[in-house]
Amino acid sequence: MLDYKLLPAGDTALVVEFGDRVDPALSTAVLALAQALDGERIEGVIETVPTFRSLMIHYEPLVISSAALAARIEERVRTFRARPAVGRVWHLPVCYGERFAIDLSDVARRTSLAAQQVIERHSAAVYHVYMLGFLPGQAYMGDVTPELALERLPTPRASIPAGSLAIAGRMSCVFPLETPCGWHVIGRCPIPLWDASLPAALLAPGDKVTFVPVSAREYDRLKTRASEGVLRVEPVSEFAGAVA
Amino acid sequence: MTPALRIMAPGLSTTVQDLGRHGFQRLGVSVGGVLDPVAFRAANKLAGNPGHTGVLEAVYYGPSFAINADDARLAFAGADAAVEILDGADAERGETIDVMRSVRVRRGQIVRVGPIRRGTTLYIAVEGGFAIEPVLGSVATDSRGRMGGWHGRPLREGDVLPLCRATASERDECLLEGLDLAAPRRIRVVLGPQNDWFAAEEIERFCTGEYTVSAGSNRMGMRLDGPALRHRDGFNIVSDAIATGSIQVPGNGQPLILLADHQTTGGYPKIATVISADLPALGRLPAGSKIAFTPVTLEQATAARRELFAALDAIDDKIVRLTPPPAAIAARLLECNLISGVCDAAA
């Protein structure tokens, strides 16, 4: 059985914490528990929020007590290890050109790499989507190669444009909306990651993502098609894996 | 012409709010919604609305707006304000009414709210509500996510907010009596989820210290100034989910309480969480207020939540009809043919 801790986050949320590090194995456990509990439709549970290493369960304590909820979780964690996790594989186009990559030369200097090497290393990896958070549809993807791991900017920028691809530590994010940001911006993705009218986040926790470098011209073409609503974005494949 | 409110001056930050959007935090969508659900409920009940109808939430300085409808019923609840009703844009002075009541206004009249005193938030409900399409089940304004409310942002001069009703219903105006909206000085918390990031004496400091609400507070979070809290071992945690009321302690050691518009995840240790029953009070605390934290058990928090729900239900019983002036009563009785014109009831 997996080790976990139950931690109260006030009287209407409970945290199931599997660990305190970024680790695909912990992420898989979190996502499997989320899937299992969502499937149970426990009366009094309002929503579950998976993160890197824990699952927050929002509940109505006048319907289900914290103790009763803890018992349900206990029972579930004991039996959920065989459940399969399903994910999708995405190839997302990114323009790493200087028009968008405002921090690329700075990242190259700090990592003692050529700009082209930064692009090659960033686009060579297959990223795991750990969680969505901070902004609607914003996926935290890892792990960025240690060669490119940098601390956040000491002072965040007041604003970066929607679609900005940025890195910090071992994480990579495409920011779906214009936002203040302290990460290093190295490109821009023309694919909209969030549509409130559906509601739809393109990416889900558990998905795998690879970034495909495209020219500024191709970026513009895709961006135009996206704004006209005629760009269909499909995963390249799906996979089913076993929970660790 | 579509019935509407036309914003002449937006105030400091006025947004459309309701009880927020639930069920989408896993997509990174904040819950949002009103800062003070008690005053929100009072405003809707005074307007004759279901308790969850979208309203305007004004903070510190309220809006001015014109009535572009035959007539409309408004209700004001929350912190104190001198609400002025003027007969058109050229009028110098108008009738001033108190909050915690409803009022009927007619086409061309202008409502001026102005400074909000003894608190921070004032709710303005319109009978029937605003004709605004919900996004993910809510009309709450999500400024960070740029959705919901009026174009996903606070109101601006010139905005025209469509109303569901073209006229007010025929009924007397109402007054709400005896609703205590004073913010307590002591805020109750449940320790955790990351209280183990702090040594026992730091927890003690947190629970015994006095904190001042900072002017840097907003709908996302309440910044506090007071005894700084030292972390045991750094202030960066691997990001996890945030609940409304979470008290995170960043590197400078000054706690920050996350409010309605908080982001869904964050990377600072959270020493404690304000209990759900005390969240409405947080929405009433102006900058400069002094507060202190009292740890309670989950059982105590749940009991307090039950009391809050009972207090919300009791709002209906506190609503009384505004007594019309005696002349109006006499006229009304005459209308109803209940008294004869020759009989003077006062004689």
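Colleague: How many residues does helix 5 of chain A have, and how far does it reach?
Modeller: Helix 5 of chain A covers residues 216-227, which is 12 residues. From its first C-alpha to its last it reaches 16 Å. That is close to the 16 Å expected at 1.5 Å a residue. Keep in mind that this is a predicted model.

Colleague: Switching to strands. In what order do the four strands of the open sheet in chain A run?
Modeller: The order is 1-2-4-3, and the pairing is antiparallel.

Colleague: Which are the edge strands?
Modeller: Strand 1 and strand 3 of chain A. Each pairs on one side only.

Colleague: And how much are neighbouring strands of this sheet turned against each other?
Modeller: By 20° on average, ignoring direction.

Colleague: How many bridges join strand 3 of chain A to strand 4 of chain A?
Modeller: Five, with the two strands running antiparallel. To see one residue pair, look at Val45(A): its bridge partner in strand 4 of chain A is Tyr59(A).

Colleague: Which strands does helix 1 of chain A lie across?
Modeller: Helix 1, residues 24-40, lies across strand 2, strand 3 and strand 4 of chain A. Its angle to strand 3 of chain A is about 165°.

Colleague: Now the two chains. How many residues of chain A are in contact with chain B?
Modeller: 36 residues of chain A, in contact with 36 residues of chain B.

Colleague: Which strand of chain A gives the most to that side?
Modeller: Strand 3 of chain A, with five residues. Strands 1, 2, 3, 4 and 6 of chain A each supply at least two residues of the side that touches chain B.

Colleague: How do the residues on that side of chain A divide?
Modeller: 22 are nonpolar, nine are polar and five are charged.

Colleague: Over to chain B. Where does Leu122(B) lie?
Modeller: In strand 10 of chain B, residues 116-126.

Colleague: Is Leu122(B) buried or exposed, and why?
Modeller: Leu122(B) counts as buried because it has 30 C-beta neighbours inside 10 Å. The cut-off for buried is 20 or more.

Colleague: Which residues does Leu122(B) touch, leaving out those up to four places away in sequence?
Modeller: Among them are Ala58(B), Gly62(B), Phe76(B), Ala81(B) and Val99(B).

Colleague: How many residues apart are Leu122(B) and Ala81(B) along the chain?
Modeller: They are 41 residues apart along the chain, and their C-alpha atoms are separated by 8.0 Å.

Note on methods:
Residues are numbered from 1 along each chain as its sequence is written. Chains are lettered from A and ligands numbered from 1 in the order in which they are written. This is a predicted model: local features need pLDDT of at least 70, side-chain atom pairs count only at pLDDT 80 or more; totals for chains, interfaces and linings use all residues. Two residues are in contact if their C-beta atoms, placed from the backbone, lie within 7 Å. Ala, Val, Leu, Ile, Met, Phe, Trp, Tyr, Cys and Pro count as nonpolar, Asp, Glu, Lys and Arg as charged, and the others, Gly among them, as polar. A residue is buried if 20 or more other C-beta atoms lie within 10 Å of its own, exposed if 12 or fewer, and partly exposed in between; C-beta atoms are placed from the backbone. Two strands pair if DSSP finds at least two bridges between them. Axes are lines fitted to C-alpha atoms, for helices over the stretch in contact, and angles run from 0 to 180 degrees between N-to-C directions. The expected span of a helix is 1.5 Å times one less than its number of residues.
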